[in-house]
Number of protein chains: 2
Amino acid sequence: MSSTPSTPEVHSHGAGVNAHAKALIDHGSAPDNTRSEAPVGVTVPKGFRVASTRAGIKPSGNPDMALLVNDGPDFHAAAMFTRNKVTASPVRYTQKHNDGQFKAVIVNAGNANACNGAQGDSDAAQMATETAEALDVEPENIAVCSTGLIGDLLPMAKVSKGITDLVGNLSAEVAAGQGAAEAIMTTDLVTKQSVYHGDGWSIGAMGKGVGMMAPSLATMLVFLTTDAKLSSATIAQQALGGATATTFDCIDVDGSTSTNDTVILMANGASGVTPDEEEFIAAIHQVCLDIAMQLQADAEGVTKRVTITVTGAASDAEAKEAARVVGRDNLFKCAMFGSDPNWGRVLAAVGMAPVDMDPGAITVSFNGQPVCVNSTGAPGAREVDLSGADIAVQIDLGIGEGTATVWTTDLSHSYVEINSAYSS
Amino acid sequence: MSSTPSTPEVHSHGAGVNAHAKALIDHGSAPDNTRSEAPVGVTVPKGFRVASTRAGIKPSGNPDMALLVNDGPDFHAAAMFTRNKVTASPVRYTQKHNDGQFKAVIVNAGNANACNGAQGDSDAAQMATETAEALDVEPENIAVCSTGLIGDLLPMAKVSKGITDLVGNLSAEVAAGQGAAEAIMTTDLVTKQSVYHGDGWSIGAMGKGVGMMAPSLATMLVFLTTDAKLSSATIAQQALGGATATTFDCIDVDGSTSTNDTVILMANGASGVTPDEEEFIAAIHQVCLDIAMQLQADAEGVTKRVTITVTGAASDAEAKEAARVVGRDNLFKCAMFGSDPNWGRVLAAVGMAPVDMDPGAITVSFNGQPVCVNSTGAPGAREVDLSGADIAVQIDLGIGEGTATVWTTDLSHSYVEINSAYSS
């Protein structure tokens with residue numbers, strides 16, 4: 001099998017997604033704004049405008065606020081949120097008003113507005129109110145997202161000034177989408193955008209996220225736009241829910257789940273085209289997978305992209321659980337960093353998964369080469385070459401038909417450096 | 001509160017345990033054989049002999065086999081094993097014969113004899129048989145333990161030669177116990193031993209373990225001896241089971257659980273003294289805690305000892321689960337390495353624990369100083385000094401009376417180095 005995370009099959013009349021993020025990000029490089037020559041991002045679909053600004057929230061002075069506006073005619077929206085019990089104020093605000101319709105999303109980076117008590121809730125509501133007033137819509141029509149450090153109050157004077165700037169600079173240009181994708185970054189090294197071209201309609205997307213990344217139903221911040229004509233928000237929610245379950249929910253970089261994870265899809269019908277429902281669902285999945293792979297590639301400190309596929313489980317759910325346990329195991333992740341085909345750590349890790357397995361009939365392969373058959377080492381197992389940037393791990397639990405894939409990364413010195421050197 | 005993991009209160013007629021391991025181990029130093037001036041280890045109780053040898057299993061040529069013999073008159077024994085579904089051959093052998101009586105334990109380090117299929121099972125049985133024949137007892141009286149790399153067959157010629165050496169060199173001297181404690185080490189930097197002096201009776205112990213350390217009911221290898229006169233093995237099992245649940249089972253260095261974890265207690269009644277049952281149980285707990293703290297202090301790559309205490313949970317079990325989730329969170333562990341009082345990561349981590357909590361009423365303190373009250377940052381929270389080697393984290397979930405403590409470590413560059421640079 002290929003060692004590269006593969007793009008699933010989709011309907012042939014889909015034009016396909018943007019290429020996966022380039023092989024591993026050059027850490028320390030400037031944001032890569034030239035990843036693709038074809039237009040990508042949230043402004044590719046008709047009827048969406050976006051803006052970004054430097055509000056002064058990030059100490060670096062980099063762009064740190066973005067506004068994404070749906071100009072209609074429809075305002076269908078779907079959203080998925082973190083499963084963390086501790087949620088940020090903007091998550092609670094947006095959840096409260098998540099009734100299938102949003103007209104705009106206001107976003108800031110550099111401050112998560114999480115664990116800020118009643119003042120945090122009030123600040124999130126004020127972000128919505130000020131944005132709504134400037135756009136002449138209702139506050140309930142605004143989704144609010146924040147990302148960054150937990151536990152500091154938002155500098156609301158800067159935020160208010162930022163909102164005024166944003167509303168005055170909305171644009172449907174691709175460059176504006178690129179600017180917004182950059183403004184929502186925290187420790188991301190590159191922007192993450194995607195696009196899907198249907199027949200007369202399209203989907204655009206941007207996302208951010210590099211750490212605290214073991215999403216539950218959603219990851220970090222991801223925004224999708226489409227000008228497809230949907231009969232209702234229900235289809236949007238159905239497509240988004242199904243897609244996140246097998247894309248964002250299957251990334252597990254560090255087992256940590258953010259307080260701020262949010263994915264929002266807005267559909268305005270501006271193309272006048274109603275796509276085949278099956279194609280629409282597959283397209284949303286494809287765009288989510290593309291953003292998910294970009295998130296994995298830019299994960300904090302990553303030097304290896306590790307794809308863990310579990311087969312032979314009692315169910316798909318148990319396969320996912322087993323793959324996740326291996327993907328979170330630090331000893332396994334360190335071995336991957338060291339290109340060490342230490343399959344014993346895979347066995348030790350998967351043996352702790354709370355799922356059914358035949359402990360004597362587990363098979364493991366690295367990059368397609370069997371290293372452990374029936375829970376016993378295979379000839380040549382210690383010589384498998386794992387020096388490349390992509391490592392495929394296959395684990396068969398030997399009892400059923402359940403299967404799942406989880407994408408993780410290695411555990412490197414850079415991960416420790418990034419996450420110990422400063423608060424983030 | 002003190003920032004040092006505290007020794008629990010025990011009956012005042014107990015003479016107390018050996019001091020905790022010295023503040024952090026000097027990595028790269030030679031094994032510290034001078035940790036305590038008072039006699040410690042498995043030969044302190046009457047009627048136990050021990051030997052160690054260089055069988056040539058470890059590539060380093062260091063001592064790698066040990067034999068611990070109970071000379072009676074009683075042969076009561078209790079044992080706890082890993083909860084990993086993937087178990088090593090010696091674990092399966094010892095579990096099979098765990099009927100409340102062992103006369104000796106044969107141990108090798110440098111090779112885990114795990115995931116070696118039928119040959120591994122046969123090799124473990126052969127270790128028992130050869131040891132039994134040399135000691136003139138039955139193979140069922142022998143416990144077998146191995147620790148080291150998973151997936152390589154044992155070099156049985158070397159092992160057989162080692163057993164012959166061991167049987168010929170058994171000694172009740174303290175130095176022999178020290179030699180055995182050294183022989184069972186893998187990447188341990190120091191030996192781990194303990195002692196408890198009752199009135200006319202005593203407990204001795206040795207242990208090893210530095211990584212793959214999130215024990216479930218047991219940790220790595222730990223051997224306890226006592227010359228206390230017990231009425232039955234039931235009391236030994238009860239004392240050991242209770243002690244491991246709140247000591248070894250509460251260490252969580254890296255969330256990884258070994259295939260080989262084993263704790264064995266042997267009681268021979270050689271002192272002729274039957275201790276008060278409550279004192280005996282407390283003493284076993286105290287010795288287990290002492291060894292557990294030594295394991296934590298020598299954990300791979302550790303630069304900080306982190307004690308996580310959860311209070312206000314619905315039950316003690318839920319408190320332990322919540323503490324464990326925080327103790328396994330890599331972002332939290334990296335912040336501890338960086339002496340960064342980033343309490344937001346504690347909130348984000350604990351919010352994913354599958355236990356009841358009041359997300360708006362969580363309180364966190366570092367080294368006794370509140371940093372988060374009612375899930376909101378406290379004044380001065382970012383200035384708390386975490387530069388010392390011991391960090392105490394207290395988390396109140398705000399709903400009940402359940403409480404538990406878990407001991408973990410930081411996540412350092414050394415951890416990554418140790419676990420990526422070579423197979424172990």
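Reply: Angles under 35 degrees count as roughly parallel, over 145 as roughly antiparallel, 65 to 115 as roughly perpendicular and the rest as oblique. The model is predicted, so local features need pLDDT of at least 70 and side-chain atom pairs 80 or more, while totals for chains, interfaces and linings use all residues. Residues count from 1 along each chain as written, chains are lettered from A and ligands numbered from 1 as written, and side-chain values use heavy atoms, without hydrogens or water.

Here's the pair: helix H7 of chain A, residues 316-327, packs against helix H9 of chain A, residues 343-350.

Which residues of H7(A) and H9(A) make the contact? H7(A) brings A:Ala322, A:Val325 and A:Val326, and H9(A) answers with A:Val346, A:Ala349 and A:Val350. Contact here means heavy atoms within 4.5 Å. An α-helix has 3.6 residues a turn, so residues three or four places apart point the same way. Sorted by class, the contact of H7(A) with H9(A) has 6 nonpolar residues, no polar ones and no charged ones. (Ala, Val, Leu, Ile, Met, Phe, Trp, Tyr, Cys and Pro are nonpolar, Asp, Glu, Lys and Arg charged, and the others, Gly among them, polar.)

Now hop over to chain B. There, the axes of helix H7 (316-327) and helix H9 (343-350) come within 9 Å and cross at roughly 125°. That makes H7(B) oblique to H9(B). On the H7(B) side you'll find B:Ala322, B:Val325 and B:Val326, and on the H9(B) side B:Val346, B:Ala349 and B:Val350. The tally for this contact of H7(B) with H9(B) is 6 nonpolar, no polar and no charged. As for how the chains meet, 100% of the interface residues of chain B are also interface residues in chain A, so the copies meet through the same surface.

Zoom out a bit. Chain A has 10 helices and 15 strands in total, counted as DSSP runs from the N terminus (helices H or I, at least four residues; strands E, at least two). Of its 424 residues, 61% are buried, meaning under 20% relative accessible area, with over 50% exposed and the range between partly exposed (1.4 Å probe, protein chains only). Among contacts in chain A with a separation of 6 or more, 81% join residues 24 or more positions apart.

Another helix, H1 of chain A (89-96), shows some of that burial: A:Ser89, A:Pro90, A:Val91, A:Tyr93 and A:Thr94 are buried. The buried residues of H1(A) pack against strand S3 (76-81), helix H2 (117-135), strand S5 (142-147) and strand S9 (262-267) of chain A.

Most residues other than glycine have a negative phi, and most peptide bonds are trans. Yet the bond from A:Gly72 to A:Pro73 is cis, with omega near 15°, and A:Pro73 sits in the loop between strand S2 (65-70) and S3 of chain A. A:Cys115 has a positive phi of about 60°. That residue lies in the loop between strand S4 (104-109) and H2 of chain A, and A:Cys115 is buried, with a relative accessible area of 6%.

How values were computed:
Axes are lines fitted to C-alpha atoms, for helices over the stretch in contact, and angles run from 0 to 180 degrees between N-to-C directions.
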